[in-house]
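Below are some notes on the aromatic contacts and on the strand pairing. Please read them with the structure open.

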Amino acid sequence: MPMQTRTLRRFLPVAACLLAGLAGAAAAAEAVLKPWPAKQATPPLRLSGLDGKTWGLEQLRGKVVVVNFWASWCAPCVDELPVLNTLARQDTGKVAVVGVNYKEPLDSIERFSKDHPFAYPVLRDRNGEMFKQWTAGVMPTTILVDRQGRARWRSVGEIGAGDTRLKAAIDALVAE
């Protein structure tokens, strides 16, 4: 029985990504933007980048941080990359974008990034622990963290190119 439970837990994110992809295709890739749960503390975020250096959320204090959980096998994750790259290139003094890859080997991420360049740092969630702490179990998930380091908004599902809600939430956090 424990082996079946582990297998099920391993494939839940894949199933969630597939469901998000189907829902995204049916609803023109509309993400669901909700406030971060009021009683849920912001989890720590300390992971290694592709260069092996450790990153921490505290390094980005003073900026609004867009934390995006993704995987190369998740079609909606790949589809939203241009939106995230655009966000990463805008207002770099006030906003930072960070991608968190879910449990993929370094060589897979590096191969993927050759065909899909990132305008922002990519961190590795090797064992999926950050995914469990930060997301509702669906990919892609994007969290907006305010300038004091508190998670404030969670966007579940693909962020479409025409979706202005995430940008409006980012602008509101920058204005605070």
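**Notes on the predicted model**

1. Phe 118 has a relative accessible area of 18%, so this residue counts as buried, the cut-off being under 20%. The model is a predicted one, and the points below should be read accordingly.

2. Seven aromatic pairs are found in the structure. In one of them, the ring centres of Phe 112 and Phe 118 are 6.2 Å apart and the planes meet at 45°; the pair is therefore tilted. Phe 112 is buried, as is Phe 118.

3. Phe 118 also pairs with Tyr 120, here edge-to-face, with 5.4 Å from centre to centre and 80° between the planes. At a relative accessible area of 6%, Tyr 120 is buried.

4. Turning to the strands, β8 (residues 151–156) runs antiparallel to β1 (residues 32–35), and four bridges join the two. Val 32 has Val 156 in β8 as its bridge partner.

5. β8 is also joined to β7 (residues 141–145), by five bridges and again in antiparallel fashion. Across this pairing, Arg 154 in β8 lies opposite Ile 143.

6. How many residues lie between the strands in the hairpin of β7 and β8? There are five, and in this hairpin Gly 149 adopts a positive phi near 90°.

Definitions and conventions: Residues are numbered from 1 along each chain as its sequence is written. This is a predicted model: local features need pLDDT of at least 70, side-chain atom pairs count only at pLDDT 80 or more; totals for chains, interfaces and linings use all residues. Side-chain values use heavy atoms; hydrogens and water are left out. Rings of Phe, Tyr and Trp (its six-membered ring) pair if their centres lie within 6.5 Å; planes under 30 degrees apart count as stacked, over 60 as edge-to-face and the rest as tilted. Buried means under 20% relative accessible area, exposed over 50%, partly exposed in between (1.4 Å probe, protein chains only). Two strands pair if DSSP finds at least two bridges between them.
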